[in-house]
Amino acid sequence: MMSRINWHDFFIVGNPLILGSQIAILLTMIGVVAGVTYLKKWKWLWREWLTTVDHKRIGIMYILSGVLMFFRGGVDGLLMKAQTSRPELKFLDAQHYNEIFTTHGVIMILFAAMPLLIGIMNVVVPLQIGARDVAFPQLNALSFWLFFAGAMLFNISFVIGGSPDAGWTAYFPLAGKEFTPGIGNNYYAIALQIAGIGTLMTGINFVVTVLKMRTKGMGLMKMPMFTWTSFIASVIIVSAFPIFTVALALMTFDRIFGTHFFTLSAGGMDMMWVNLFWLWGHPEVYIVVLPAFGMFSEIISTFSHKQLFGYKSMVFSIVGIAALSMLVWVHHFFTMGSGPAVNSVFSITTMMIAIPTGVKMFNWLFTMRKGRIQFTTAMLWALAFVPCFIIGGVTGVMLAMGAADYQYHNTLFLVAHFHYVLIPGVVFAVFGALYYWWPKMFGHMLNEKLGKIHFWLFVIGFNVTFMPMFFLGLDGAVRRAYTFSAESGFAPLFLVSAIGAVILAAGFAVLCYNIYWSARYADRNISNDPWDARTLEWATSSPVQFYNFAKQPEVKSIDAFWYMKKHNEGLTLKEEEIEEIHMPSNSGLPFYMGVIFGIAGFLLVFEWKIAALVATVGILAGLIVRSFDYNDGFHVKVDEIKQIEKAWRGKDKGVNNHVS
Amino acid sequence: MSANVNTALPLEYQTEQNRMNILGFWIFLGAEIILFGTLFATFSVLNARYAGGPTPHDLFEIKGVMIETILLLTSSFTMGLAIFEMRRSNRNGLILWFVITLLLGAGFVFFEVTEFIHYVHEGATWTTSAFLSSFFVLLGTHGLHVSMGIGWATMVIIQLLRRGLTPVTARKTFIIGLYWHFLDVVWIFIFTFVYLARMVA
């Protein structure tokens with residue numbers, strides 16, 4: 001029997017923490033609407049941002065959403081740390097704790113890490129290959145709005161209807177209707193589905209962009225390393241996300257329409273979910289970590305003032321990691337009865353991943369060797385990444401041993417391991433990348449002094465938080481347990497870990513303050529190339545004009561812009577070289593699609609099937625409108641280009657000043 | 001975005017944006033292969049789990065399935081003829097074969113829905129057993145693709161009537177051709193692994 005959704009389940013009431021959040025959300029929304037109205041910015045918001053198809057603006061919206069979601073996921077993390085700071089604490093009950101570790105995991109991976117990486121990819125990749133936009137600009141906007149609709153749908157779960165509570169992996173049978181009858185897990189299935197469709201389209205978009213839109217002379221083996229890693233990550237997205245699409249659809253059918261894919265009754269098989277989930281879930285780890293590796297490559301090369309060491313071996317390593325990423329999924333459930341033969345195979349494939357990753361590590365170290373290292377904030381993140389990530393990697397090899405995994409699995413040792421991989425591997429990279437590319441996005445730098453405070457607080461806080469969890473795990477502290485007894489002896493290390501989390505959060509607060517401070521006070525008169533960098537995005541204005549390049553640069557070697565500076569080629573623009581530029585028009589359709597997908601998803605979450613079907617007609621209407629849309633964009637006139645180019649090239653710290 | 005027109009190529013390949021759209025669609029089809037591959041894998045895991053419900057021997061009848069197969073395979077052939085007429089710049093021939101293709105596709109959907117209704121009357125719904133869940137979702141996903149394709153192609157036919165053969169309408173037609181042949185290939189796998197293999201076993 002299907003349980004019906006009752007109206008009195010609609011708003012979550014009775015918990016003071018959630019009531020506080022509801023009030024805060026309401027006040028924030030009123031504040032935003034009032035603020036935009038007061039400043040008369042609605043038209044501006046609609047014309048410049050909500051309807052934009054410019055890859056840089058879409059990237060900035062991704063980054064903004066990612067930072068917001070990082071805050072939300074971070075608050076979840078702090079709540080967990082507060083609850084486990086002392087034994088037998090009654091701050092959160094077991095149910096609330098279950099919900100919070102579930103949303104923490106989902107939000108951090110899918111709604112924080114993914115948009116931050118995809119956002120930076122959006123801003124940087126077209127610039128690095130000397131293109132004027134991505135291959136399908138409007139599809140790119142649609143990707144963003146679907147991601148955003150999914151993220152918002154997932155986020156309202158805790159105030160309307162209840163959060164998912166079966167872990168971010170949502171294992172069956174627990175996540176099924178039999179054991180989790182509420183609607184929380186419907187949010188999981190449907191919000192991730194909507195965001196996932198957006199991600200899949202981003203993958204297709206970037207594969208075509210990189211294959212087809214590279215500027216003249218940029219062969220595949222002359223691409224900057226960040227473009228390479230983004231390209232391979234996009235290939236993994238295209239090959240892994242459809243599996244998740246299917247898995248989530250089957251979950252939806254099981255939960256809402258009564259099918260028997262993963263149920264215990266009528267022949268369903270719960271292990272099917274585990275396999276499908278990790279067939280996507282493991283490649284997903286590499287989708288987030290590969291672009292991050294690319295960011296480190298750019299930062300290390302720039303601030304060591306050397307070409308990246310072992311370029312070719314870097315490329316082969318990322319391709320190898322991509323291939324291996326599809327062959328290791330069973331290592332997430334060694335203890336679930338696959339048997340020694342299967343476990344051995346997957347142990348070996350898992351350990352093999354350490355080889356190309358090790359190659360990359362040595363390449364970064366050799367890039368720094370004999371380089372003139374400049375200790376900027378961005379570079380500090382890259383330097384801290386190396387030892388922290390190695391701890392994560394080495395404990396990963398420990399976990400990869402099938403037999404030994406019986407000891408580690410389901411303990412905080414595992415939790416410490418993947419935080420040591422994901423935080424240095426992704427979060428450090430994103431922070432470094434923000435400091436590095438901020439001037440390209442906004443035309444001013446982030447404050448370096450505040451940046452260093454942010455860096456030290458965050459790195460120290462991170463280690464103090466997660467290092468004790470290795471030892472707690474080895475002592476037998478299990479993950480996802482909302483409390484522990486005083487007799488267990490876990491109390492001191494848990495307390496240390498909680499203190500670390502506060503330091504970590506203080507670091508993030510400094511970043512937020514830095515963004516505010518720099519937006520208000522930082523120097524706007526900066527050159528296009530403030531770091532003396534090496535790749536093409538630095539060959540054009542900061543912030544980048546909407547058409548990116550007045551004349552698309554010609555590439556003659558790796559580190560194309562460095563070559564241009566060294567040989568004094570292509571840095572100046574002659575007036576007669578300027579031609580009209582064709583650009584795509586803005587469109588409100590992607591925004592509409594995000595809204596209608598969000599509405600349809602919301603109705604389906606509440607199992608109002610007829611209403612959801614009606615909303616689906618709205619989706620089809622959007623598709624039909626798009627089919628008849630023959631808007632072919634517009635042409636930027638030569639005079640306008642001349643004016644824009646003169647403005648930034650005239651600056652006293654212009655492009656030629658950096659030729660050494 | 002850039003004009004970069006090359007009139008030596010077939011109409012649908014002439015502009016850079018068209019070439020990118022076609023490559024993008026090939027990559028989308030790659031994702032579709034993974035999607036259907038996952039559904040086939042699900043079916044192959046669950047296809048003997050009847051849970052006391054009907055088995056393929058109780059349900060499947062070769063006649064209806066053969067009609068569906070012939071309709072869809074023929075529609076793939078007529079789709080080829082439509083693209084052939086497009087290459088000869090014969091818009092009316094293109095539209096004629098295109099419409100025939102869609103009628104055959106609609107016939108396929110009609111017979112598939114009839115088949116499903118028949119199963120439901122025999123008490124075999126997608127909530128009956130894991131076997132039937134995976135059967136209905138695999139075939140339903142394919143059938144939904146065909147139905148969406150018919151709707152999408154209708155839009156393009158309207159554009160062909162209004163605008164004639166241009167690089168844009170030619171590209172749209174060509175991409176639907178790719179999509180249609182892909183669905184045909186998926187059906188061949190369904191026919192083989194869902195019907196034939198399960199009826200012989």
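Colleague: Is α17(A) mostly covered or mostly open, and how many of its residues are buried?

Modeller: In this predicted model, α17(A) is mostly covered, with 12 of its 17 residues buried. A residue is buried if 20 or more other C-beta atoms, placed from the backbone, lie within 10 Å of its own; with 12 or fewer it is exposed, and in between partly exposed. Among the buried residues of α17(A) are A:Pro590, A:Phe591, A:Gly598 and A:Val605.

Colleague: What covers the buried residues of α17(A)?

Modeller: The cover includes α2 (42-50), α5 (137-156), α6 (184-212), α7 (225-257) and α18 (609-627) of chain A. Helices here are DSSP runs of H or I with at least four residues, strands are runs of E with at least two, and both are numbered from the N terminus.

Colleague: How are the residues and chains labelled, and what limits apply to the model?

Modeller: Residues are numbered from 1 along each chain as its sequence is written, while chains are lettered from A and ligands numbered from 1 in the order in which they are written. As the model is predicted, local features need pLDDT of at least 70 and side-chain atom pairs count only at pLDDT 80 or more, whereas totals for chains, interfaces and linings use all residues.

Colleague: Where is the kink in α11(A)?

Modeller: The kink, about 30°, lies at A:Val386, shortly before the proline A:Pro387. The bend at a residue is the angle between axes fitted to the seven residues ending there and the seven starting there.

Colleague: Which domains does chain A have?

Modeller: Chain A is divided into domain 1 (1-341) and domain 2 (375-526), with bounds that come from an automatic or database domain assignment. Their centres, taken over C-alpha atoms, are 19 Å apart.

Colleague: How many residues of each domain are in contact with the other?

Modeller: In chain A, 36 residues of domain 1 are in contact with 34 residues of domain 2. Two residues are in contact if their C-beta atoms, placed from the backbone, lie within 7 Å. On the domain 1 side, α4(A) gives the largest share, nine residues. That side divides into 24 nonpolar, eight polar and four charged residues. Nonpolar means Ala, Val, Leu, Ile, Met, Phe, Trp, Tyr, Cys and Pro, charged means Asp, Glu, Lys and Arg, and the others, Gly among them, count as polar.

Colleague: Which residues touch the most other members of the largest nonpolar core?

Modeller: They are A:Leu117, A:Ile120, A:Ala247, A:Ala292, A:Phe296 and A:Val430, in a core of 249 residues. Such a core is a set of buried Ala, Val, Leu, Ile, Met, Phe, Trp, Tyr and Cys residues joined through C-beta atoms within 7 Å. Helix α13 (residues 412-442) of chain A supplies the largest share of this core, 22 residues.

Colleague: How many residues does each chain bring to the contact between A and B?

Modeller: Chain B brings 29 residues and chain A brings 34 residues. On the chain B side, α1(B) gives the most, with 14 residues. The residues of that side divide into 19 nonpolar, nine polar and one charged.
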